[in-house]
Amino acid sequence: MLRKSSLNLILTACLALSLLPASGRAQGVSRQEYSGLDKYPTQNIPDHSSFVGVRAAEFLAIPVGSRGIAMGGALTAVTDDISSIWWNPAGLGFLGKREVMLSVIDYTLDLTYSCAAFAAPIADGRIVVGGFVGYLNVPEMEITTVSNPEGTGNFFSAYDFQLGGSFAYNLSDRFTAGLNVKYIHQDVFSNIGGDAFAIDAGAIYHTEFMEREVKFAFSIQNLGTNITMDGPNLLREVGAEDRGGVVPDGYGDYTSDPYSVARRGTRQMYYRTHTYRLPTAVKIALGYNLYSSEHVNWLAAGEIWRNSNIPLSYSTGTELNYLFSSATSAALRMGWQVQTDEFDEGKDQYGYDYYLDDTAWRGFSFGGGVKRDFSGRAIDISYAYRNMGRLSSNHYFTVKCGF
């Protein structure tokens, strides 16, 4: 029999999910009335355009952990392992043992993103603490200019980096909350860089509906300070101004020549960049166990993402887990993330043809994993594929160990 409090919670969650798209439209999602820069409004921007590329540290939006990616990103409510550090830190509260994770992402345009994390329950499992580090390697690129579109012969390099700690607390047997605190550094064009501090926060409530587990979750990612770039490559020399006109052109000692002008040498100055915001995202999610038995567990999840740099996004996914024995299990996963920030017409607004991949399968993902216990130590190896539309596809590999 479903308790009244559980029913009220589920109804509240459904109401929130139904109202969020309307509130998003009221905030200008359809037209995207923001650019990501602090001082520049949008001008001549087509409808439903995103502003990816005008946020700082956009590597923070690269998902980590093959399980969530294979499920189309719909892991915020059902996450319960070390990958919760990226999807929703509240999920760390479900850890029963220490876990470590290494995830390597073969990303678009030959980029490689690597992430390592560790978490451990303490205080009889009521508290979970952890840490993580992520590094995006950008291969060396040749500098191009308007006058030298094929390259100048000079090269530059870049990298992004984050380091942080995690904390999760089980407030009750049904409610857990979590928090990440992280330092972010971005280095572009050889020694032009900036720093920021940010937090991720989330909560998960789980109960039963029709005798099966249901979870409701909320999280916010990358809420923090802005980044302003500086560094040696922004240093420039400024010569003396022209002293023509009525300004005397004599140089000498002021004590003997009242009309002399002091010679000023070349000075140095730094260019000042704009302030760039982080790619913040707010997510509301639901997860539900469709079927459970001694050997089979089948769940489905869905969520809404309100990102600061793209229109409203939707994610849905499913996972089928089969327990072969008390020590071995395997999972199959599939999902889809719907993003409305890319044009699917054959031509752009200026009449030019799109030549790259079709966007029809953009956001589709699938994957799987195998988990094996060895005398209390567990190893989980998983893989995920995600279609990126015109940016082809990505492959994700994750290894997790519990002990």
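The residues lining the largest cavity divide into 9 nonpolar, 5 polar and 2 charged. Here Ala, Val, Leu, Ile, Met, Phe, Trp, Tyr, Cys and Pro count as nonpolar, Asp, Glu, Lys and Arg as charged, and the others, Gly among them, as polar. The structure is a predicted model, in which local features need pLDDT of at least 70 and side-chain atom pairs count only at pLDDT 80 or more, while totals for chains, interfaces and linings use all residues. Residues are numbered from 1 along each chain as its sequence is written, and side-chain values use heavy atoms, with hydrogens and water left out.

The volume of the largest cavity is about 120 Å³. A cavity is a set of points, on a 1 Å grid over the protein atoms alone, where a 1.4 Å probe fits but cannot get out; a pocket is an open set with protein on both sides within 12 Å along at least five of seven lines; lining residues have an atom within 4 Å of a point. Grid points are joined across faces, edges and corners, and a volume is the space filled by probe spheres set on the points. The count comes to 1 cavity of 30 Å³ or more. The lining of the largest cavity has 16 residues, and I85, W86, F132, Q162 and D200 are the closest to its centre. Helix 3, strand 2, strand 5 (175–188) and strand 7 each give two or more residues to this lining. Helices (H or I, at least four residues) and strands (E, at least two) are DSSP runs, numbered from the N terminus.

The second largest pocket holds about 800 Å³ of space. Its lining comprises 40 residues, with R67, D80, N321, K371 and D380 nearest the centre. By class, 14 of the lining residues are nonpolar, 13 polar and 13 charged. Strand 15 provides the largest share, 5 residues. Strands that supply at least two residues include strand 7 (212–224), strand 12 (281–292), strand 16 (364–374) and strand 17 (377–387).

D380 belongs to strand 17. With a relative accessible area of 12%, D380 is buried. Buried means under 20% relative accessible area, exposed over 50%, and partly exposed in between (1.4 Å probe, protein chains only). Beyond its neighbours within four places in sequence, D380 is in contact (heavy atoms within 4.5 Å) with V370, K371, T398, V399 and K400. N387 has a relative accessible area of 15% and is buried. Its contacts, leaving aside neighbours within four places, are W361, R362, G363, F364, S392 and S393.

In total, the protein has 3 helices and 18 strands. Of its 403 residues, 42% are buried. Contacts between residues at least 6 apart in sequence join residues at least 24 apart in 58% of cases.

The largest nonpolar core has 46 residues, and F59, L92, Y113, I184 and L278 have the most contacts inside it. Such a core is a set of buried Ala, Val, Leu, Ile, Met, Phe, Trp, Tyr and Cys residues joined through side-chain atoms within 4.5 Å. Elements giving two or more residues to this core include helix 2 (66–70), helix 3 (84–87), strand 1 (99–106) and strand 3 (127–142). A second, separate core has 5 residues, including A90, I204, A217 and A285. Y113 touches F59, I62, V64, S103, V104, I105, G134, Y135, L136 and Q162, residues up to four places away in sequence not being counted.

I220 lies in strand 7. I220 is buried at 17% relative accessible area. Outside four places in sequence, I220 is in contact with I199, D200, A201, T280, A281 and V282. The C-alpha atoms of I220 and I199, 21 residues apart along the chain, are separated by 8.3 Å.

The structure holds 12 aromatic pairs. Rings of Phe, Tyr and Trp (its six-membered ring) pair if their centres lie within 6.5 Å; planes under 30 degrees apart count as stacked, over 60 as edge-to-face and the rest as tilted. The W336 and W361 rings are stacked, because their centres are 5.7 Å apart and their planes are at 25 degrees. W336 lies in strand 15 and W361 in the loop between strand 15 and strand 16, so the pair ties together parts 25 residues apart in sequence. W336 is partly exposed, at 29% relative accessibility. One aromatic cluster is formed by W336, W361, F364, F366 and Y385.
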